[in-house]
Each structure stands twice: as structure tokens, then as C-alpha cells.
Amino acid sequence: MRKMSVKLRVTLWYMLAVSIISVIVMLVMNSHAESMIMHDIQLRMERAVGKMSERLVDKHGNLRPPPDFMFYDDGVHMILYNGEKSVIGGVKPFFISYDILVGDNSFRKTESNGERYYEYDKELEILGKMYYLKGFTSAKNELTGISQMLKSNLLLVIIMIVIAGLGGYFIISRAFLPVKKISRTAEQISSGDDLSRRINIGSEIGNDEIYNLANVFDKMLDKIERLFKKEKQFTSDASHELRTPVAVILSECEYLEDGEKSIDEYKEGIESIKRQSKKMSKLISELLMISRMDANTLKTEFETVDLSELLEFICDEQEQIRNGNVALAKNISSGIMVEGDRFLLTRLIINLINNAYQYIGNGDRIEAGLSEENGKVCLWIEDNGIGIKEEEISKIWDRFYQADSARTNDGSGSMGLGLSMVKWIAKCHGGEISVVSQEGTGSRFTFILNKKEKS
Ligand code: ADP
């Protein structure tokens, strides 16, 4: 069986609740009205019987049997009985089949001949003799009135339930409109792969929980779309970067293929193939590392690292490799220990020093520094190279971003991945990386992380 929609279920519950409340209210009102009517009849009968009992006695205190027509007043029929309970005056109303006298001064509801009526008995003492005056009135009118009232109340309740149901359904439909929009958008996205779709719920719907949910959903879609675009960009950038060395290798191979080149030409060709292969190998290993970082599968081994010693060692090594005319000054405080992954910290430092050498331009000085203050360790690599334009500073951390590709695409193998890795490593060590740079003056990259607590 098909499950009922939430809208229908809520409406039905709502209608049920309204019905129960209405029926209870109706019953209470009816019983109240009935008792008020009864009270009214009782008063009317007491009044009529009382009036009659006064008329039965003349000014000397004797019983004055009045004519039969007088035994009726204000819709109340009356019968007079003597002490032996025999009728001595008045007419028995048509709806009563027998004469019965209870004579206890009480007001009762009785049924006779299928007719319902009210009766009221009054005891009289005239000149030492007992008499009884009984009043009757048919309950027909009142009963008809009550049943009519019941019918019209019932009709009113039914109209109320229908209005409540329709109104409830309308309100619930309106409240569920955003939910419908959410599911339609999700369906459109999943069927058409169009991540640009949004719910775009207007504030006119209200500022309620569902409105907030729709907004959160839109924000989530924004994020997913951004990530998706980034991912796409990453794949296309990676393949673009790989295509260049592959093309160079292929063309070199085709050029050397005929076997008629000189030894020097072969040497040069092989050298070029080797260079491009190295570039590819570097790119592949960086891509592998980045994909592991993304998937959180990059194994990290945290240990106590003497950062002073590590920085000192890397600086010496880098200076040796370069063997150039750019000086690498060291300003390293000794004995600074941190908790970190030695391999990743090495990668971070090398990336920063490599960049400093790569973008030194006409500069002549690089400084690697390490200090510690208030439990925080500060590592910096500073150069007086080409610097970075202000508008590019925020972008240099993005993958494959190269501030000036003409300037950087120099066969050095740089592909704009270094700083995004640095950023990830800094984050994974609970640290922060930042840069201060000015075009033409130089740059200073600073990495701040917590010092290892003494155990
Ligand atoms: P790349 O492989 O191009 O060096 P990075 O992610 O390491 O990639 O750096 C991104 C960009 O940031 C570089 O292309 C360069 O424009 C800029 N950059 C990085 N370090 C420096 C620096 N020390 N001086 C000037 N520009 C820098």
C-alpha cells in the first residue's frame, strides 16, 4: 500500500483533533442548554401551579372549584385531587393515559403513551383538608428544540471540521513548499548533474526552520560546486602539466629516431628526455602526495624533532646544492624542539627555501631563521627577491597557481603545488603559515607552531 504523504497525515490528525474538541464542546453545550431549559420549565410550572392554588381559595378560605378551562395556564395543564386522591377538578391532558398522583411536591420528567412530559405536584391544605394540585406540560416542544439545536450544532461541527481540514491542508502545503523545492532541486541535480541549481527560497515564505534548512542546503551546494570545480580544475591542470614533458619527450624521440644524428645531438636529446622525465616524476610524486593529503591517507609519524638542528642541516645542504652567488644566512636559535613529522617538516622548509632561490631575481640574500617566544616557535624564510604583487598574495596558496607563469615556467619544474603543500603541512601540525611580501623588495614566509612541552 502506498504510504500517505506527511501533508495528508498531518491534516488528518489535525482534523481528528478538531473533531474531538468540537464534539466535546458540543456535548457540554447541549447538556448545559438542556439543564437550563429544564430549569425554565420547572419555574414556569411552579409559577402556574402556585397561581392556581391561590385562585382555588376564596376570601373566606373555602375551596372554590373553578371551571375546567381555568385548569390551564401558560402551557401547563392542571388537575385537582382530594385527600383520597380522586380527581375533583381539571382535565386530564390528552397525552396522559392514567391519573397518578405522587404528591410529594416534586418536579419530574415522566414518560407515558410514548410521550414525554414534565409534572409537578403541590400539596394544599384548605380548611384542614388535604388537596393535591398536579401540573403537566408536554416535553415535546423542548425536546424538539433540543434535537434541532443538536442537529444545527452537528452541522456547525461538520462545517468547522471541513474548514479546519481545508485550512490546515492549505497551511501545511505552504509550510511544506520549501521541502518540495528542496527535494525537486536535489532530484534535478542528481538526474542532470547540474550543480549550479539552487532552491533560492524567498524570505516571503517566512524566516522559519524550513527557510533556514533551505538556505543551509543552498550554502552546502555552493560549497560542493566550488569543490567540484576545484577538483575539475585540478585534474585539468595536472593533465596539462603532464602533457608538456610528454610532448617534449615524444618529439625528442622522433627527432633522434632516424639514427643519423651526431653523438652530441644524441647526448643533448637524452639530456632533454632525462630532464622532462625528472619533471614528470616530481609532478607525479607531488600529485600522489596531494591526493593522499586530500584523502587523509598520508601517513604521518609524529615525534620530537629538534627543529634547530633540522633547519641548520637543510640550509647547509641547500647551499651546497646551489653552490651559487646567493648567500643563505642562518639566524637559528639552538635547541628548539617541536612535536612533528620529520619528513613533512623537511618538505615544508625545502619548499620555502626552493621558492626563495627560485624567485630571488636580482636579489642576493636569503635568510632562514628560527626563534621561540612564549611557547610559540617561529620559523621564517626571507629573501630580497622579486616579491609578490599584493593582489596575488591570497592566491599563491592555491594548487597550480603561479603568480606569473611566463616568469616561472622556466623549466625548473615548478608547477604551483609547493605552497599548497606547505599550507597543508602547517595545518596538520596545528600551526599557521603566512607571508609578508612586496613586489620588487622581497618576501618573508613565517611558520608558527607550538613548542614541544617539556615532559
Ligand atoms: P611554484 O612551484 O610555482 O613555486 P608554489 O606553490 O611554491 O609554486 O608558489 C606559488 C607561486 O607563489 C609561485 O609561482 C610564485 O609566483 C609565488 N612565490 C612563492 N614563493 C615566492 C617567493 N619567495 N618570492 C616571490 N614569489 C613567490
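This is a predicted model: local features need pLDDT of at least 70, side-chain atom pairs count only at pLDDT 80 or more; totals for chains, interfaces and linings use all residues.
Buried, for this talk, means under 20% relative accessible area, exposed means over 50%, and partly exposed is anything in between.

Gln276 sits in helix H4, which covers residues 263-294. Is Gln276 buried or exposed? Its relative accessible area is 13%, and the cut-off for buried is under 20%, so Gln276 is buried. As for what it touches, leaving out residues up to four places away in sequence, Gln276 meets Pro245, Val248 and Ile249.

Next, the charged pairs. How many salt bridges does the model have? The count is 20. I will go through a few of them.

Take Arg198 and Glu225. Their side chains form a salt bridge, with N to O at 2.6 Å. This pair ties together distant parts of the chain: Arg198 is in the loop between helix H2 (140-192) and helix H3 (209-256), while Glu225 is in helix H3, 27 residues apart. Both ends fall under the cut-off for buried: Arg198 has a relative accessible area of 19%, and Glu225 has 18%.

Glu225 has another partner, Lys229. In that salt bridge the closest N and O atoms are 3.7 Å apart. Where do Lys229 and Glu225 stand relative to each other in helix H3? They are 4 residues apart, so about one helical turn separates them. Lys229 is exposed, at 52% relative accessible area, whereas Glu225 is buried.

Another pair is Asp258 and Lys261, whose closest N and O atoms are 2.6 Å apart in a salt bridge. Here Asp258 is partly exposed, with 43% relative accessibility, and Lys261 is buried, with 17%.

There is also a network: salt bridges link Arg108, Glu119, Asp121 and Lys134.

Now the nonpolar side. In soluble globular proteins, nonpolar side chains tend to be buried together. In this model the largest nonpolar core has 51 residues, and the members that touch the most others are Leu307 and Ile349. Which helix gives the most to this core? That is helix H6, residues 342-358, with 8 residues. Ile349 is in contact with Leu307, Leu310, Leu311, Ile314 and Leu379, once its neighbours within four places in sequence are set aside. Apart from this core there is a second, separate one of 18 residues, and its members include Met78, Phe107, Tyr118 and Ala139.

Last, the ligand. How many residues surround the ligand? There are 20, and the closest are Asn355, Tyr359, Ala403, Gly416 and Leu419.

A polar backbone atom of Gly416 is 2.9 Å from a ligand oxygen. For Leu419, a backbone N or O atom lies 2.7 Å from an oxygen atom of the ligand. Ser443 uses its side chain: a polar atom there lies 3.4 Å from a nitrogen atom of the ligand.

How much of the ligand does the protein bury? Taken alone, the ligand exposes 530 Å², and 98% of that is buried by the protein. The elements giving two or more residues to the shell around the ligand are H6, helix H7 (405-408), helix H8 (418-428) and strand E13 (442-450).

Definitions and conventions: Residues are numbered from 1 along each chain as its sequence is written. Side-chain values use heavy atoms; hydrogens and water are left out. A salt bridge is a side-chain nitrogen of Lys or Arg within 4 Å of a carboxyl oxygen of Asp or Glu. Buried means under 20% relative accessible area, exposed over 50%, partly exposed in between (1.4 Å probe, protein chains only). A nonpolar core is a set of buried Ala, Val, Leu, Ile, Met, Phe, Trp, Tyr and Cys residues joined through side-chain atoms within 4.5 Å. Contact means heavy atoms within 4.5 Å. A residue is near a molecule or strand if one of its heavy atoms lies within 4 Å of it. A polar contact is a pair of N or O atoms within 3.5 Å; within protein, one must be able to donate a hydrogen and the other to accept it, and residues adjacent in sequence count only if both atoms are side-chain atoms. Accessible areas come from the Shrake-Rupley method with a 1.4 Å probe; for residues, only the protein chains shown count as cover.
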